[in-house]
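Please find below a colleague's note on the structure under review.

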Amino acid sequence: MPSDQSTWLIAVPQNGDSEGLLPELQSKLSQQSKSHSPNSVAEFAIPSFKTGTLDLLISLSEDLPKQDTFFTNTVAKTVETLRNLLNNDASKLAQHILVNEKPVDDYLLKNWKWNDGRYGVQKGLKEMVDTLNKEMSSIDNSMRAKLTNYNLVKGSLVQMQRKKTGNLSVRSLVDVVSKDDFIQDSEYMETLLVAVPKSLVKDWNSKYERMGKNVVPRSSKSIASDDEYTLFSVIVFKRFHDDFAQACRENKFILRDFVYSDEEIAKQKQELEMADTTEKELWTELLHLSRTNFSESFQILVHLKVIRLFVESVLRYGLPANYTGVVVKPDPKSVKKTFGVLQSYFSYLGSSSKRANSKGGENEEFVGEYQTLMEQEFYDFVLFEVPWVVTQ
């Protein structure tokens with residue numbers, strides 16, 4: 001049975017009463033769904049393509065499922081990109097999941113038409129499939145390249161921002177210290193920064209002057225503090241730097257590796273600003289591209305589904321290759337009943353392939369030795385699914 005999270009595209013052979021098919025089917029489905037939300041049902045026009053040879057149809061029937069999977073995955077990846085860009089905000093996502101600036105359901109259920117301007121029906125089926133595949137591959141490649149570029153910039157920005165977070169033992173000190181906290185241009189002395197756990201501040205104050213040779217007395221100053229650490233500066237003689245560092249480790253004080261430089265601080269701030277600006281620009285570009293590519297890729301997917309409907313219908317029912325299409329968006333609460341109505345209504349098609357085989361003449365071209373293949377895993381009608389785009 002088809003999924004309860006998809007819209008169903010159905011094809012059946014045209015007959016003398018094909019014009020009355022839709023109203024009658026709508027009536028039956030409406031009766032079935034009285035206790036649930038109504039099913040959405042509409043006509044779905046299937047063009048009369050060039051049939052081609054039996055070998056071509058069999059080859060397409062084998063290849064089209066692979067293309068279908070690729071197309072469906074490309075649409076899904078585009079939706080996922082939009083979802084991530086919009087922080088999984090369902091209301092915002094719904095504003096971008098549009099086909100030609102209209103909701104997906106409107107595209108499928110309101111007078112859907114084959115885009116003859118882009119995919120002229122005078123072309124062969126194989127040529128049209130190749131065109132669709134080329135277009136979808138182009139969309140997939142452009143999305144992948146743009147997404148990779150964006151993720152690289154976003155990753156770099158996150159890494160820079162992460163340096164500004166955390167406690168004083170790990171975070172960047174660029175925005176914490178100032179030039180006045182350091183002695184400048186001394187040949188013999190240097191200012192060191194030490195992150196001291198708050199529980200050890202008293203120990204620091206009582207010990208730091210004796211933690212190495214030639215530590216400048218009363219040179220410790222508290223620069224900043226957070227919930228876990230207090231950052232102190234202290235002046236020591238450069239030649240005893242390593243001794244002081246060892247003493248810090250022994251006393252569980254964290255010596256920060258930081259050398260003040262106006263040029264380096266300005267460079268880091270500029271890099272962060274540039275990364276932030278670039279990320280915002282690429283976010284906007286990727287959002288616009290994803291919105292456009294969703295519309296394009298969804299249309300390409302549906303056009304491929306229509307070709308599948310046609311190919312399978314010819315293989316199933318034979319010639320003439322004239323088929324009526326119906327699109328059904330089932331109510332998820334009554335999918336089983338809805339499908340039951342369809343099976344009952346189209347049960348007369350159960351032996352259509354066999355009847356086509358008995359007619360002889362040109363129809364024999366599409367049946368015969370392939371009869372067993374055509375009767376495997378089929379409903380009485382040809383059906384393919386278009387997965388719903390879930391915004392929640």
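1. Basis of the note. This is a predicted model, in which local features need pLDDT of at least 70 and side-chain atom pairs count only at pLDDT 80 or more, while totals for chains, interfaces and linings use all residues. Residues are numbered from 1 along each chain as its sequence is written, and side-chain values use heavy atoms, with hydrogens and water left out.

2. Overall shape. The chain has 11 helices and 10 strands; these are DSSP runs (helices H or I, at least four residues; strands E, at least two), numbered from the N terminus. Its radius of gyration is 35 Å, well over the 21 Å that the globule rule gives for 392 residues, so the chain is more spread out than a compact globule. That radius is taken over C-alpha atoms, and the rule is 2.2 Å times the number of residues to the power 0.38. Along the principal axes, the C-alpha trace spans about 110 × 45 × 35 Å.

3. Buried residues account for 45% of the 392 residues, where buried means under 20% relative accessible area (1.4 Å probe, protein chains only). Of the contacts (heavy atoms within 4.5 Å) between residues at least 6 apart in sequence, 83% join residues at least 24 apart.

4. Main core. The largest nonpolar core contains 79 residues, and Phe298, Ile307, Phe346 and Phe381 have the most contacts inside it. Such a core is a set of buried Ala, Val, Leu, Ile, Met, Phe, Trp, Tyr and Cys residues joined through side-chain atoms within 4.5 Å. Helix α8 (residues 262–317) gives the most to this core, with 17 residues. Second core. A separate core of 16 residues includes Val196, Val236, Phe244 and Ala247.

5. Sheet. An open, antiparallel sheet is formed by 4 strands in the order β6-β7-β5-β8, two strands being paired if DSSP finds at least two bridges between them. Strands β6 (221–225) and β8 (254–256) stand at the edges with a single partner strand each, so one side of each has no neighbour in the sheet. Neighbouring strands are turned by 35° against each other on average, direction ignored; axes are lines fitted to C-alpha atoms, for helices over the stretch in contact, and angles run from 0 to 180 degrees between N-to-C directions.

6. Strand β5 and helix α7. Strand β5 (residues 189–197) runs antiparallel to β8 and is joined to it by 3 bridges. Val194 stands opposite Leu255 in β8. Helix α7 (residues 241–250) packs on the sheet and touches β5, β7 (229–237) and β8, its direction making about 5° with that of β5.

How values were computed
Buried < 20%, exposed > 50% of the residue type's maximum accessible area, 1.4 Å probe, protein only.
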